[in-house]
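Here is a friendly tour of a multi-chain model, meant to be read with the viewer open. Take a look around first, and then let us walk through it together.

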Amino acid sequence: MAEEQFEPTIIGFLCNWCAYAGADLAGVSRLQYPPNMRTIRTLCSATVGPHQILKAFQKGADGVFVGG
Amino acid sequence: MLDVGRHPKVNVLAYSEIREFSGQIGDFKVKVLKKARYVDPSRCTACGACAEKCPTKVPNEFNFGLDDRKAIYKDYAQGIPSVYTIDPNNCKVIQGGKCGVCAKVCQAKAVDYEQKDSEVELNVATVIVSTGYELFDATQIPEYGYGKLPNVISSLEMERLLSAGGPTKGHLTRPSTIRFEKRLKELPKLIKKAEKSEDPTEKNKLEEEAKWLEEQTHKHHTATKLGFIQCVGSRDFRFHKYCSSYCCMHSIKEAIIAREHESSTESFIFYMDLRTVGKGFEEYKVRGAKVSGLKYIRGRIAEIMQDEEYNPVVYYEDTEQRKVVGMSLDMVILANACSPSKGISQISTLLGIELDENGFVSTHPNKPLDTSVPGIFTCGCAQGPIDIPESVAQASSAAARAAEVVMTGGLALAV
Amino acid sequence: MKDTAKSDVRIGVFVCDCGSNIAGYLEMKELVEYSKTLPNVVFVQENLYTCSEGGINEIKQAIPKHNLNRVVVASCTPRTHEPLFMSACEEAGLNPYLFEMANIRDQCSWVHMRERETGTERAKAQIGMAVAKAARLRELKRIQLNLSHNAVIIGGGVSGMSAAMALGNMGYEVDLVEKEGKLGGLLNDLNMILPSNEPPERLLNDLVARLETNPKVNIHLNSIVSKTEGYVGNYVATISKNGEELKVKCGIIIVALGARVLTPEGLYGYNGKDVITHLELESLLRKGPIQSKNIVMIQCVGSRCAERAYCSRICCMTAVKNALLIKEADPTARITVLYRDMQMYGVELEEMFRKAKQVGVRFVTFDPEKAPVVKDGSVSVYHLRMGKEVSIPCELVVLSTPLIAQEDAPEVSTMLKVPINENGFFLEGHVKLKPLDFATDGVYLCGNARYPSTIREAIGQGLGAASRAAGVLSKDALFTSGIVADINAQTCCGCLGCVAVCPYGAINFFPERGVCQVNKVLCKGCGGCAATCPSSSARLDGFSNEQIYAQIEKALAG
């Protein structure tokens, strides 16, 4: 039996002014990447505190991406 | 740019040209030609379905022909206004042929092959000329081989190669390799054709070629030994005697970014004076040498040759070592001069503003934003080579002069 | 904390096809059906283009019809379309901050074009997350504030004067504050200005005369701004003159402090007599032609070195200017400029450089590792082109020293809560995009206080700062954004963590109450305070922990 491939769920905190805009640009440029990320827009990566990152892991995230 | 596009008080007339101009400070009349886009901008949502399906490929000017665009296109992804445009010279329908694919796939019904150029008349108190510059055409310097040697490129081509949104997605693939890869894709067909027509010599030749190209693309895929040549067309009596101001820093920046992409990159910057006059520039230059392995060589390149593997070889006098040196590189990037924009002479005639001997808009050192016509101001590279921070600052300055006119009806034109 | 996702929350979800941009790559039916199952969702609508007039009208009609009190649009990016949908909500009588977007195009259908199934899963998650957040959105208000239309400019040099002139001409009341007894700053000490080839008095007198007659400009000489209170639109600046204090209200403040020339004590035998600075040379030249026949100028004295890493931009051109003027007065003078790189950038300067070479000024590069040595009656230097030490006889050595920050720059920086860099020059909001702004609204920057600049550049920057300032002064009222931070005074322990991280100087500490408070006018909604606050007293409305936790939970629920 083939092993089921591991598909991680990644929570991405993206700063509205840079990383989120970059993710939009990836879309406009049709750059393809795996659909494992769930993005949360923040107004600045400074908003992302340790509590939020820990919360994500606590709830079962396999990875957290902070882009800013 | 997004802010300008969305600003309620800014009316962007892109893809437009000034046709007629008259009047005086406080009361200028401007006739603007809005060129037909063959797309209704009020309907187009810039979804891009049209460009995806359009069958006509055209070399992409924005990426200097390093890749292709379609006949219905947007200059680049983030462009404002966010509207597609049909290039009438390449669209089959507009050229009288059959196609109509874009109109068919456009669910917003924005495509209009019958659209005509239109004219807009404006009545304004003041005008700002910010027409920018033109990249110096390096084919004028035959000894540098630009346009002939594939791995000798301009500073802006380098910019596109380094861009994540560019033709190579930011990977520094050698332009010769880009060509080889294209040719490699064609070859199997040609080999089959030769097979069919029972031409073994031709087949052999093509197979040899394929083998060589395969080897070459493998061996020289990524450019990691880079030469940056400063003052290409500037500080040169044959072309522009002025200094283009921003190129030294531009080359240093490109070299540092290339190193960020590929840590084995080695860059040599050939210069006359390294002009690092802006805030933080000298520090950046020093960091480039310390952290990014940039080597600065004082010497002007006399000639660029090429070896049999398409590696550019530069010859120069190292003035600090007092000897003539030849150096083989993977790629050479020219720091093209900032030339006056081609349309500036026409605009200056229409507006009646004076140009200096180089073709930039003339200004006085004590009135740096004022042209020779009261109420018409200028900023950015239209008035001479200038880097980004100074250009942004100048834009605000020109806006201040314009505001003085608007808010006082042109009475208080002081400073 | 009270759960705001109450049962009376009624959410409407609008799912956009974007033509085929979304519908071509994701299962729209599945998205619509899934949306219907989400808590608090009472209405779901699929649109061909939600942003079209038709789509906007459908939102506006659905709000009253289905009694919606939250709206979610699943379409493109909020970076371009959020304002449009927010105003649609507002027009339908809903507080615009009760709106949320799910980005299922730019960050979903366009980047997962070959993964229909998993792409649709991601879109579902993003919609679910947006709905979870929407359920916890609160009404937010933009606060309206009146403002003063006056300006205070600190520094009466050429850039400050230019700024004052521009603002005065635009009709704003200006207080121009100069610490010396006369306007003009460094301009007063110069001999001639090139390339305009005129004495500085011409420009200076013209500017001063026009400022003095401008009814909108009040000039304060021998004065400093000793204190400022308030924020954009509503500053009170205290102007002190010989112990007397004058309080003026103003909407903005421009920093035009200028800079001063470094005195090179201990470098190259500087003595102020036969080893002098260019500024000293200029004051000699003002008195008449100089007697020295053999002159050596040395560049980068005290700059581009370990102690002061920056290039001072204007020293090369000053040396070339003075060399040209000396040569013009006495063509037999022998001038040698020892330099590292001649920073003669642009059109005019390169032309000056060329002229200097034409009239016979000699330029010799040196390696900073083998710096020139000034001896009695000569300068010796390792000549890179010849590969050997050479000795140049001279009677006068002129040192090019950099402009350095004003002594009072740190005080002004503290007073206005705007930063300075390691060299004491003021640090602009963004080196490329906001060269004349600070991160803090209402304070602007120009001239040598920012970085050494030419007269042309200083005039330009003065006008530019005026233009940036006019952007505020021309408004009838200021509006805060709805998305700002708030600090719960009940739980704040006054640790000042938020004050330290706020880049906009928007948080004040009130020692008498022991709490911090957000100035909502200055707050840009970055949320740095909320992330730092150990007691969770600081909260960013619209991006609160509760809302983000709800998004995280929803994302990981399925």
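What distance separates the centres of domain 1 of chain B and domain 2 of chain B, taken over C-alpha atoms? The answer is 31 Å. Keep in mind that this is a predicted model, with an ipTM of 0.94 and a pTM of 0.88.

| Domain of chain B | Residues |
|---|---|
| domain 1 | 6-33 + 119-132 + 341-415 |
| domain 2 | 36-116 |
| domain 3 | 135-165 + 226-339 |
| domain 4 | 175-219 |

Now to the contacts between chains. Where chains B and C meet, 51 residues of chain B and 53 residues of chain C take part. On the chain B side, helix H8 (281-291) and helix H10 (388-408) are the elements that give two or more residues. H10(B) gives the most, with 15 residues. Sorted by class, this side of chain B has 25 nonpolar, 14 polar and 12 charged residues.

Chain C also touches chain A, through 37 residues of chain C and 33 residues of chain A. On the chain A side, helix H1 (19-28), E2 and H2 each supply at least two residues. The largest share, seven residues, comes from H1(A). By class, this side of chain A divides into 16 nonpolar, 11 polar and six charged residues.

Next comes the interior. In soluble globular proteins, nonpolar side chains tend to be buried together. The largest nonpolar core in this model has 289 residues, and C:Ala74, C:Ile254 and C:Val255 have the most contacts inside it. Helix H12 (residues 455-473) of chain C gives the most to this core, with nine residues. Leaving aside neighbours within four places in sequence, C:Ala74 is in contact with several residues, among them C:Val13, C:Phe14, C:Leu31, C:Ile104 and C:Ile127.

Finally, a word on confidence. Chain C averages a pLDDT of 94, and 99% of the residues score at least 70. Over residues 1-5 of chain C, however, pLDDT stays under 50. The model has six contacts beyond four places in sequence for that stretch. Where pLDDT is low, the predicted coordinates should not be read in detail.

Note on methods: Residues numbered from 1 in each chain as written. Chains lettered and ligands numbered in written order. Predicted model: local features only at pLDDT ≥ 70, side-chain atom pairs only at ≥ 80, totals over all residues. Contact = placed C-beta atoms within 7 Å. Helix = DSSP H or I, 4+ residues; strand = E, 2+ residues; numbered from the N terminus. Nonpolar A, V, L, I, M, F, W, Y, C, P; charged D, E, K, R; others polar. Core = buried A, V, L, I, M, F, W, Y, C linked by C-beta atoms within 7 Å. Buried ≥ 20, exposed ≤ 12 C-beta atoms within 10 Å, placed from the backbone. Domains from an automatic or database assignment. pLDDT = per-residue confidence, 0-100.
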